[in-house]
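Hi everyone, thanks for coming along. Please have a look at the sequence and the structure on the screen, and I'll walk you through a few spots in it.

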Amino acid sequence: MSSKIDVVLGLQWGDEGKGKIVDVLAGRYPAVARFQGGPNAGHSLHFDGKSFVVRSIPSGIFREGSVNIIGNGVVFDPVTFREECSQIEKLGVTPKDKVLISKKAHLILPTHRLLDAASEAAAGRGKIGSTLKGIGPTYTDKIARHGLRVGDILAPDFKERFEKLKARHIQMINDLHYECDPSKDEAAWMDAIEFVKQFKLVDCEYFVNSWLESKPMLAEGAQGSMLDVDYGSYPFVTSSSTTIGGVCTGLGVAPSRVGKVYGIFKAYCTRVGSGPFPTELFDETGERLRQIGHEYGAVTGRPRRCGWLDLVALRYTVMLNGVTDLIMMKSDCLDDFDSIKVCTSYKVDGKETKELPYDISAPIEPVYTEFKGWKRDLTGVRDENELPKEFEEYIKFMESYLGVPISIISLGPDRDATIER
């Protein structure tokens with residue numbers, strides 16, 4: 001009997017805590033697959049007193065016996081991947097035994113990173129807030145049909161293909177009047193390519209569909225739905241499909257193969273980089289959320305912008321993804337607040353709406369519903385019957401508004417700080 005591929009997605013602007021949840025759920029799945037994004041993702045794992053950030057490798061890597069697939073929708077940096085493998089090996093795990101890489105995943109070249117920096121420098125104040133990992137330029141080459149893929153590294157003329165794409169990039173960098181040394185990191189990159197050749201390179205679509213004939217799989221998204229290239233806060237978005245459709249294109253599976261869709265959200269909102277953020281707080285409360293939640297980028301270290309939970313945007317992404325189960329993260333960060341606000345509608349041009357407008361960069365006034373805080377430390381709670389009444393009312397309101405049950409509540413970064421309802 002065939003199995004399903006269940007999916008973990010971020011429902012906000014990324015940084016929702018997907019790494020922890022994939023790590024928690026991975027014990028139930030013999031395989032975990034990443035379907036989009038690249039090393040701009042930073043999924044933080046905390047277990048047995050250790051902390052680790054995975055970037056390209058799926059968050060199931062530390063689960064015994066798991067198979068971890070880097071899908072064709074991912075853009076792949078060999079240098080970052082080798083560094084990541086080296087760090088994982090120090091924790092007693094051998095990635096070569098557990099990681100498979102799709103031949104159709106696109107390669108991030110050193111000049112892609114330079115192009116990223118050149119584009120951001122040229123944009124000035126209008127910059128996107130890129131992580132400068134070369135993600136956007138790599139996806140651009142993919143769509144423009146100039147890209148190099150992981151499978152190309154096995155071709156006898158790979159070096160010639162590399163030089164051709166590099167020359168194209170140098171021309172573009174020169175056109176942007178950006179000064180750099182285009183050959184600076186090339187030797188290390190080529191060395192990392194040899195390292196990648198030691199891994200099992202697969203036809204991801206055949207592997208995944210064959211696997212699902214008898215065993216389940218968990219698909220792991222990177223970034224968040226509000227950063228989706230089609231449905232996010234364009235143009236301040238990432239370059240891939242972070243919503244449910246990205247699973248099908250990023251792993252080569254049909255929609256009918258998708259089972260549960262776990263949608264992850266934080267009990268408040270954060271955003272890194274530029275772009276609209278209707279509930280952003282510029283006051284002491286925003287700073288307090290940042291400090292309590294340790295809201296700094298896992299990869300970049302950049303301080304995250306913070307604000308109250310936006311249920312208008314959340315209901316939009318729940319709809320887009322067909323979410324079956326909600327997972328709420330960082331509820332414990334609100335333990336000390338006297339009152340807690342959630343945005344339940346927007347005022348746009350004087351009219352109230354519960355729909356996300358086409359241009360969320362336009363002036364939006366959030367309309368809030370206020371809740372009494374629970375004023376109790378939730379970090380040690382492991383039984384939902386021990387949750388305070390105020391917290392339960394907060395949960396019930398969200399479930400009613402969103403129309404989907406909150407199945408899992410996270411009350412801390414560790415694996416065991418989790419309540420399944």
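To count as buried, a residue has to fall under 20%. Please keep in mind that what you see is a predicted model.

Where does K266 sit? You'll find K266 in strand 11, which covers residues 258-266. What does the side chain of K266 pair with? There is a polar contact of 3.0 Å between the side chains of K266 and T270. If we leave out residues up to four places away in sequence, K266 touches Q12, D15, E16, E295, R304, L309, M329 and K330.

Now let's move on to helix 3, residues 110-123, and start with its partner helix 4, residues 135-143. Their axes come within 7 Å and cross at roughly 110°. Are helix 3 and helix 4 roughly parallel or roughly perpendicular? Angles of 65 to 115 degrees count as roughly perpendicular, and helix 3 and helix 4 are therefore roughly perpendicular to each other. Their crossing is right-handed. On the helix 3 side, the contact is made by H112, L115 and D116, and on the helix 4 side by I135, P137, T138 and D141. Sorted by class, this contact has 3 nonpolar, 2 polar and 2 charged residues.

Helix 3 also meets helix 5, residues 158-175. Here the axes come within 9 Å, and the crossing angle is roughly 15°. Angles under 35 degrees count as roughly parallel, and that is therefore how helix 3 and helix 5 lie to each other. The crossing of helix 3 and helix 5 is left-handed. Which residues meet? From helix 3 we have P110, T111, H112, L114 and L115, and from helix 5 we have F162, L165, K166, H169, M172 and I173. By class, that contact has 7 nonpolar, 3 polar and 1 charged residues.

Let's follow the chain into the loop between helix 5 and helix 6, where we find L176. Is L176 buried, partly exposed or exposed? Its relative accessibility is 33%, so L176 counts as partly exposed. Leaving aside neighbours within four places in sequence, L176 is in contact with L115, A118, S119 and A122. Take A118: L176 is 58 residues away from A118 in sequence, yet their C-alpha atoms are 6.5 Å apart in space.

A122 belongs to helix 3, and at 52% relative accessibility it counts as exposed. Along the chain, A122 and L176 are 54 residues apart, while 6.7 Å separates their C-alpha atoms.

Last stop: helix 10, residues 311-321, and helix 11, residues 389-402. Their axes come within 10 Å and cross at roughly 50°. Helix 10 and helix 11 are therefore oblique to each other, and helix 10 passes helix 11 in a right-handed crossing. L311, V312, L314, R315 and V318 of helix 10 make the contact with F397, M398, Y401 and L402 of helix 11. By class, there are 8 nonpolar, no polar and 1 charged residues in this contact.

Key
Residues numbered from 1 in each chain as written. Predicted model: local features only at pLDDT ≥ 70, side-chain atom pairs only at ≥ 80, totals over all residues. Heavy atoms only, no water. Axes fitted to C-alpha atoms, helices over the stretch in contact; angles between N-to-C directions. Helix = DSSP H or I, 4+ residues; strand = E, 2+ residues; numbered from the N terminus. Parallel < 35°, antiparallel > 145°, perpendicular 65-115°, else oblique. Left-handed = near helix turned anticlockwise from the far one by under 90°. Contact = heavy atoms within 4.5 Å. Nonpolar A, V, L, I, M, F, W, Y, C, P; charged D, E, K, R; others polar. Polar contact = N/O pair within 3.5 Å; in protein donor to acceptor, adjacent residues only side chain to side chain. Buried < 20%, exposed > 50% of the residue type's maximum accessible area, 1.4 Å probe, protein only.
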